[in-house]
Amino acid sequence: MTTHEVVPGVWVASRVDPAPADPHPQDAALAAGMPRWRAEEFLAGRAVLRGLLADVLPEAARAPVVPGANGKPALRGWPEVGVSIAHDRGAFAAGVAPGHAVGVDVQLPPEPLEDAVLRRCVRRGLAEVRELAEPERAVEFAWIWTAQEACVKAEGSGLSGSPWTIDVPYGHGAGTWRGFRWRLLREESGIPLSCAWKELP
């Protein structure tokens, strides 16, 4: 697992290896009723979150993870600590941010990348992205999508927040949306990974 402090007080961790064999009892209980593939995915995501908590906020590392507003994960007993979990086809990420709302997303490049999806999600820079050869085109799309998805996860709206409408210009590494700051973690991750955050009132 690799850990990065995006800005002071906002941390992101990611990894591509399976979950450890000793999950939190609550996580294990929730996974018990899931299909095997979903349970493995679920436990791996929770393990990244708990590993990150153990590194940066160890006193909260064993707290139950519960659904908050709109299903966004939250730590019971720690309402001031923002958390987020993401996974995609064996890649896992989590965010922890005391005093902030936070969202993270990780995305492996889609194969194939449909042009309709590209047109829907990429606004400024669409022509330039279209000119890229594969697989670079799919990689750049994935970077843009992770920032869009991280924003709506930080807001707590998820897909109902229409992430594809968020303007993440091609070639830009950071920006803002509805008071949230977002950043593509290009220097920290070889897999498209982004984080969005906003200080709590």
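**Annotated domains, pockets and backbone features of the predicted model**

In the UniProt record, an unreviewed entry, residues 28-97 carry the annotation "domain: 4'-phosphopantetheinyl transferase N-terminal". The structure examined here is a predicted model. In this model the span 28-97 is 36% helix and 30% strand, and its end C-alpha atoms are 24 Å apart. A further annotation in the unreviewed UniProt entry, "domain: 4'-phosphopantetheinyl transferase", covers residues 101-161.

An open sheet is built from four antiparallel strands, arranged in the order E7-E10-E9-E8. Strands E7 and E8, the latter comprising residues 174-177, form the edges of this sheet, each pairing on one side only. On average, neighbouring strands of the sheet are turned by 20° against each other when direction is ignored. The antiparallel pair formed by E7 and E10 (residues 193-199) is joined by seven bridges. Within the sheet, Ala 101 stands opposite Lys 198 of E10. Helix H5 lies across E7, E8, E9 (180-184) and E10, and runs at about 150° to E7.

The open spaces of the model were examined next. Empty space among atoms can be located by rolling over them a probe the size of a water molecule. The largest pocket holds about 420 Å³ of space. Its lining consists of 22 residues, and those nearest the centre of the pocket are Arg 38, Ile 85, Ala 86, His 87 and Lys 153. At least two lining residues are supplied by each of helix H2 (36-56), strand E3 (65-67), strand E5 (81-88), strand E7 (100-106) and helix H5 (136-155). Helix H2 provides the largest share of this lining, with five residues. Classified by side chain, the lining of the largest pocket has 10 nonpolar, seven charged and five polar residues.

The second largest pocket contains about 240 Å³ of space. It is lined by 19 residues, of which Ala 69, Lys 72, Pro 73, Ala 74 and Ala 101 lie nearest the centre. Strands E4 (73-75), E5 and E7, together with helix H5, each contribute at least two residues to the lining of this second pocket. Here the lining comprises 12 nonpolar, five polar and two charged residues. Ala 101, one of the residues nearest the centre of the second largest pocket, is also the residue that faces Lys 198 in E10.

Several loops show particular backbone geometry. Most peptide bonds are trans, and most residues other than glycine have a negative phi. The peptide bond that joins Glu 111 and Pro 112, however, is cis, with an omega of about -5°. Pro 112 belongs to the loop between E7 and helix H3 (115-121). A cis peptide bond also leads from Glu 134 to Pro 135, where omega is near 10°. The loop that contains Pro 135 lies between helix H4 (126-131) and H5. Ser 162, although not a glycine, has a positive phi of about 50°. This serine, Ser 162, is located in the loop between H5 and E8.

Key
Residues numbered from 1 in each chain as written. Predicted model: local features only at pLDDT ≥ 70, side-chain atom pairs only at ≥ 80, totals over all residues. Heavy atoms only, no water. 1 Å grid on protein atoms, 1.4 Å probe; cavity = no way out; pocket = protein on both sides within 12 Å on 5 of 7 lines; lining within 4 Å. Points joined across faces, edges and corners; volume = space filled by probe spheres on them. Nonpolar A, V, L, I, M, F, W, Y, C, P; charged D, E, K, R; others polar. UniProt positions renumbered as here; feature names shortened; annotations may be inferred. Pairing = 2+ DSSP bridges. Axes fitted to C-alpha atoms, helices over the stretch in contact; angles between N-to-C directions. Contact = heavy atoms within 4.5 Å.
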